[in-house]
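Q: Before we look at individual features, could you take me through the definitions along with the model, one feature after another?

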Amino acid sequence: MLLFDWGTYNSLSTLAKSATLGMKLTEIPPADFSRRSRGPEYFESYKEFASKAFTTVTAHAPYYNIVSDSKMVRQRVLKAMKAAIRSAALAGAEVFNLHLGWKVYGGQKDVDLAADMIKELLKETPENMYISLETTYTRRQLGSVDEIRAIIEAVNSDRVIISLQLENIFMYEFHIDEHGDFHRADKEATVDFWLNILRKTLPLSKGFLSLRFAQVTGIYFGRRLLKKRVPLGKGYPSLEPLAEALAKFMVREVREKELPLRMHLIYTGTPETKYEDTITLYAEIMKKVVAHL
């Protein structure tokens with residue numbers, strides 16, 4: 001029995017490498033849905049290989065802004081997203097994960113427009129596929145836990161869930177997007193902080209407890225702080241308290257209570273070290289799990 005599925009993003013050409021390393025999850029990267037060379041045969045081949053080697057296949061939507069003040073732009077985004085969902089289904093994906101993108105109006109209207117888009121995407125989504133909404137790191141984007149909760153409630157479907165990009169939660173909750181002090185915030189990101197986040201968001205995880213992680217630092221573009229992914233061990237938040245919280249939560253509050261959830265953790269870090277980092281991340285969590293079994 002698996003506690004959680006784990007892995008990283010792969011195009012078709014690197015699936016064998018991930019499988020050989022023992023990863024049980026693969027995610028189709030957003031670029032695969034934007035390239036014209038990726039026809040139906042590509043995604044069918046992805047499914048053929050992945051179904052033999054992995055427990056879970058997810059897909060990351062292309063980076064299109066869900067909210068726009070232009071009806072024509074919204075229709076173009078909707079068309080592109082529906083095409084990506086069809087390709088993801090051909091590849092056997094069970095979760096279609098997307099960023100909500102930058103805010104336009106800065107209020108309830110952003111939430112309402114996003115909910116309308118998700119409702120339309122659900123019409124294209126197979127019954128066995130979830131749409132996961134990824135948490136953001138900045139208040140300039142749509143995707144706080146509360147905003148995602150509001151969208152899920154408005155859509156009113158058990159197939160729309162939250163996806164916790166954990167370093168984004170860290171940045172958002174400690175207002176790093178406003179002050180840029182990663183080091184100070186990291187001192188406050190305790191085991192209890194992470195457990196509270198996981199408990200708070202559990203009701204929004206209706207089929208999958210979908211977790212994503214990479215360590216980050218920040219760079220300024222003018223006055224705007226943007227996150228920058230870095231190799232594991234080179235950034236924030238610290239892995240030690242997060243790994244302990246994940247281990248305790250997965251064992252004590254999901255597995256032992258027999259909650260009807262599948263759990264997965266996707267490493268989303270830099271491509272240069274993603275395989276080494278994915279294995280390290282999995283090992284650090286599982287070393288903590290031993291104490292709770």
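A: Let us begin with pairing: two strands pair if DSSP finds at least two bridges between them, and the strands themselves (E, at least two residues), like the helices (H or I, at least four residues), are DSSP runs numbered from the N terminus. In this case Gln-165 stands opposite Arg-212 in strand 7. Please keep in mind that this is a predicted model, in which local features need pLDDT of at least 70 and side-chain atom pairs count only at pLDDT 80 or more, while totals for chains, interfaces and linings use all residues. Residues are numbered from 1 along each chain as its sequence is written, and side-chain values use heavy atoms, with hydrogens and water left out.

Q: In what sense does strand 7 pair with strand 6, and in what sense with strand 10?

A: Strand 6, residues 160-165, pairs with strand 7 in the parallel sense over three bridges. The pairing of strand 7 with strand 10, residues 262-267, is parallel too, over six bridges, and within strand 10 the bridge partner of Arg-212 is Ile-266.

Q: How many residues of strand 7 are buried, and which way do they point?

A: Buried means under 20% relative accessible area, exposed means over 50%, and partly exposed lies in between, with a 1.4 Å probe and protein chains only. Six of the six residues of strand 7 (residues 208-213) are buried, so this strand is largely enclosed by the rest of the structure. In a regular strand the side chains alternate between the two faces of the sheet. Here Phe-208, Ser-210 and Arg-212 point one way, whereas Leu-209, Leu-211 and Phe-213 point the other way, and all are buried.

Q: What connects strand 8 and strand 9, and in what sense do they pair?

A: Strand 8 (residues 216-221) and strand 9 pair in the antiparallel sense over six bridges, with Val-216 standing opposite Arg-229 in strand 9. The two strands form a hairpin with two residues between them, and Gly-222 in the turn has a positive phi of about 70°.

Q: Which residues other than glycine have a positive phi, and are they buried or exposed?

A: Asn-156 is one of them, with phi near 60°, and it lies in the loop between helix 5 (145-155) and strand 6; at 67% relative accessibility, Asn-156 counts as exposed. His-175 also has phi near 60°, sits in the loop between helix 6 (166-173) and helix 7 (176-179), and counts as partly exposed because its relative accessibility is 34%.

Q: Where is the cis peptide bond that ends at Pro-237?

A: The bond runs from Tyr-236 to Pro-237, with omega near -5°, and Pro-237 is found in the loop between strand 9 (224-229) and helix 10 (239-255).

Q: What is the radius of gyration of the protein chain, and what would a compact globule have?

A: The radius of gyration is taken over C-alpha atoms, and the globule rule is 2.2 Å times the number of residues to the power 0.38. For 293 residues a compact globule would have a value near 19 Å, and the protein chain has 18 Å, which agrees. Along its principal axes the C-alpha trace spans about 50 × 45 × 40 Å, and the secondary structure comes to eleven helices and ten strands. Buried residues make up 54% of the 293 residues.
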